[in-house]
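Here is a briefing on one predicted protein model. It covers the fold, the aromatic pairs and the surface patches.

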Amino acid sequence: MKHIRYDLKSSSPCHCLNIRRASRAVTQFYEKVLEPSGLKVTQYSLLRNLERVESVSMSALAKTMRIDRTTLNRNIKPLMNAGLIMVNSGEDSRSRHVMLTDAGKAALVNAWALWGEAQTLLEEYLGVEELDVFEKLLSKLEALTR
């Protein structure tokens, strides 16, 4: 198992900037660990959400993932092009349903261990107790717009 080396960075007086910097750093960390799978962390998350359902509407998937439909559409295109997901027409002409393909299921299996490694490394880096507090704070921050 790899160990995380860190150099503490100076913070900004702006809380928003500090949170954005931390978010980018965590995303880059996960993407580096997931790199051998060929998936970005956003793609992994989308595929993992699709794994839980057979077929789901774009609106329901966006709501489940707590992202807007524009972001979802942008994230789906490379997965469709790679043959990892399929998008079909829904009950009416305005709705579309998304589902995992067999290749998408295989990609998830390959990425699962790497994602687990990233999770473990982050838990070791922050400590389980600090991570629990951090996740509660993140939920509280997310609730600002709800």
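Buried means under 20% relative accessible area, exposed means over 50%, and partly exposed lies in between (1.4 Å probe, protein chains only). At 34% relative accessibility, glutamate 123 therefore counts as partly exposed. The model is predicted: local features need pLDDT of at least 70, side-chain atom pairs count only at pLDDT 80 or more, and totals for chains, interfaces and linings use all residues. Residues are numbered from 1 along each chain as its sequence is written, and side-chain values use heavy atoms, with hydrogens and water left out.

**Overall fold**

- The chain holds 6 helices and 3 strands. These are DSSP runs, numbered from the N terminus: helices are H or I with at least four residues, strands are E with at least two.
- Along the sequence, the pattern reads α-α-β-α-α-β-β-α-α.
- Taken along the principal axes, the C-alpha atoms fill a box of roughly 50 × 35 × 25 Å.
- Of the 146 residues in the chain, 29% are buried.

**Aromatic pairs**

- The structure has 3 aromatic pairs. Rings of Phe, Tyr and Trp (its six-membered ring) pair if their centres lie within 6.5 Å; planes under 30 degrees apart count as stacked, over 60 as edge-to-face and the rest as tilted.
- Phenylalanine 29 and tyrosine 30 form an edge-to-face pair, because their ring centres are 5.7 Å apart and their planes stand at 90°.
- Tyrosine 30 is buried, at 8% relative accessibility.
- Tyrosine 44 and tryptophan 115 make a stacked pair, with 5.7 Å centre to centre and 25° between the planes.
- Tyrosine 44 sits in helix H2 (residues 41-51) and tryptophan 115 in helix H5, so this pair ties together parts that are 71 residues apart in sequence.
- Tryptophan 115 counts as partly exposed, at 23%.
- Ring pairs join Tyr44, Trp112 and Trp115 into a cluster.

**Negative patch**

- Which residues gather in a patch of negative charge on the surface? They are Glu123, Glu124, Glu129, Glu130, Asp132 and Glu135.
- Helix H5 (102-126) and helix H6 (128-142) are the elements that give two or more residues to this patch. H6 supplies the largest share, 4 residues.
- Glutamate 123 lies in helix H5.
- Patches are made of residues with over 30% relative accessible area and no salt bridge; like charges are joined within 9 Å, nonpolar side chains (Val, Leu, Ile, Met, Phe, Trp, Tyr) within 5 Å.
- A salt bridge is a side-chain nitrogen of Lys or Arg within 4 Å of a carboxyl oxygen of Asp or Glu.
- Asp and Glu count as negative, Lys and Arg as positive; His and the chain ends are not counted.
- Each charge is placed at NZ of Lys, CZ of Arg, CG of Asp or CD of Glu.

**Nonpolar patch**

- Ile19, Phe134, Leu138, Leu141 and Leu144 make a nonpolar surface patch of about 470 Å². Accessible areas come from the Shrake-Rupley method with a 1.4 Å probe.
- Here too, H6 gives the largest share, 3 residues.
- Leucine 141 is found in helix H6. Its relative accessible area is 39%, so leucine 141 is partly exposed.

**A position in helix H2**

- Glutamine 43 lies in helix H2. With a relative accessible area of 13%, glutamine 43 is buried.
- Glutamine 43 and glutamate 129 are 86 residues apart in sequence. In space, glutamine 43 and glutamate 129 are 28 Å apart, C-alpha to C-alpha.
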